[in-house]
Amino acid sequence: MEIKIDLFSDTGTRPSDEMREFMAKAEVGDEQLFEDPSVNKLTEMAADILGKEEAIYLPSGLMANQISFAVHCNPGDEIIMDESAHPIHYEGGATAIISGASIRSVEGKRGIFNLEQFEKAVRTKDYHDPQSKLLSIEQTSNLGGGTIWSLEQIEELTDKAHELGLKTHMDGARLFNAVAATEISAQRYAANFDSVWFDLSKGLGAPVGSVLAGSKQFINEARYWKQRLGGAMRQAGIIAAGGIYALKNNLERLKTDNDNAKLLAEELAKIPAVEIDPSTVETNIVIFKIKGEESAEIAEKLLEDGLRVSVLHDKIRAVTHLDVKKEEIFQAIDIFKKHLT
Ligand SMILES: Cc1ncc(COP(=O)(O)O)c(C=O)c1O
């Protein structure tokens with residue numbers, strides 16, 4: 001079956017011809033020995049954008065989360081995050097294996113929780129309790145539907161976390177979608193976090209990798225974990241160059257993806273069977289229910305017409321990205337209309 005419009009995920013973005021050319025010409029060296037000029041350039045750029053002392057290039061966002069947890073926590077410590085967070089659902093239980101920390105989940109609203117909920121989740125210093133060591137938030141919240149943590153919410157929670165002796169971590173897989181939507185810089189969003197990373201392989205369109213940033217000391221400890229996990233590479237400049245190209249050329253255009261998602265939500269809201277409030281769509285992820293229909297069955301029918309979406313239990317998730325043009329949003333709507341009344 002030919003997929004004509006792919007709203008399955010922004011992880012499916014493919015490098016453009018220009019990006020491929022740039023990658024082909026990349027200077028390379030032994031990354032494990034810190035001798036790869038392209039990797040070094042990418043990490044300098046990322047540290048600068050995030051306002052941190054240093055950064056490290058990693059093969060995936062998952063590894064960035066898990067390395068951060070391992071640096072911040074000892075086995076038996078507890079990490080506080082929203083119940084929809086990526087490490088709980090999609091990281092194969094890695095937190096239990098790698099850092100040995102456990103996760104205390106908070107029932108937020110569309111991926112976002114408030115100060116009162118956070119304070120309730122922090123354990124007392126009683127010796128019966130696990131020790132709360134880390135607050136982790138997702139910017140934007142994936143399963144929350146691309147929701148943005150506001151600066152005020154971030155500052156309130158991270159200040160409290162530091163006051164209580166916890167470290168703070170931002171899973172910024174889609175941080176730049178939030179930046180594009182609010183025009184608040186990545187540096188400001190990242191300022192109060194002890195560790196923060198973003199993905200190059202989602203909306204930014206590079207084929208591989210994430211960059212994790214923090215203090216010199218944090219990154220030094222992260223390097224040990226990168227080595228332990230087999231994440232240290234050799235001539236990684238070839239793939240890192242995709243990241244350099246993305247940071248130079250693809251940040252601004254994320255606004256188009258956010259606008260396309262909004263358009264999709266507004267058009268979907270006109271279909272009586274669709275349950276969605278377009279005002280809740282803040283970035284490039286659209287999650288909605290279909291009245292009286294099994295979402296998996298609907299997804300199959302859409303696929304027969306070349307439109308791919310993903311299924312989240314009783315909901316459908318559609319994600320916009322650089323391989324989806326505005327006219328394809330209208331084509332997608334026509335396909336939705338054909339199968340839903
Ligand atoms: C919020 C969030 N965190 C982490 C990840 C993991 O990133 P990666 O696919 O680069 O390992 C994803 C991937 O979809 C994500 O959506």
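Predicted model: local features only at pLDDT ≥ 70, side-chain atom pairs only at ≥ 80, totals over all residues.

The largest nonpolar core comprises 72 residues, and V211 and L212 have the most contacts inside it. Helix α11, residues 237–249, gives the most to this core, namely seven residues. The surroundings of V211 can be listed: leaving aside residues up to four places away in sequence, V211 touches L42, T43, A46, A55, Y57, W197, F198, L200 and G243. Another core lies apart from the largest one; it has 23 residues, including L7, A265, L268 and F336.

A pair of helices comes next. Two packed helices are described by the angle between their axes and by the distance between those axes. For α8 and helix α12 (residues 254–269), the angle is about 80° and the axes are 8 Å apart. Because angles of 65 to 115 degrees count as roughly perpendicular, α8 is described as roughly perpendicular to α12. On the side of α8 the contact is made by F176, N177, A180 and A181, and on the side of α12 by L254, K255, D257 and N258. By class, the residues of this contact are four nonpolar, two polar and two charged.

Some backbone details remain. Most residues other than glycine have a negative phi, and most peptide bonds are trans. Against that background, which peptide bond is cis? The bond from Q139 to T140 is cis, with omega near -5°. T140 belongs to the loop between β5 (132–138) and α7 (151–163).

F34 has a positive phi of about 65°, although F34 is not a glycine. This residue lies in the loop between α1 (17–24) and α2 (37–50). Is F34 buried or exposed? F34 counts as exposed because it has 12 C-beta neighbours inside 10 Å. E183, likewise not a glycine, has a positive phi near 60°. E183 is found in the loop between α8 (175–182) and α9 (186–190). With 7 other C-beta atoms within 10 Å, E183 is exposed.

Notes
Residues numbered from 1 in each chain as written. Core = buried A, V, L, I, M, F, W, Y, C linked by C-beta atoms within 7 Å. Buried ≥ 20, exposed ≤ 12 C-beta atoms within 10 Å, placed from the backbone. Helix = DSSP H or I, 4+ residues; strand = E, 2+ residues; numbered from the N terminus. Contact = placed C-beta atoms within 7 Å. Axes fitted to C-alpha atoms, helices over the stretch in contact; angles between N-to-C directions. Parallel < 35°, antiparallel > 145°, perpendicular 65-115°, else oblique. Nonpolar A, V, L, I, M, F, W, Y, C, P; charged D, E, K, R; others polar.
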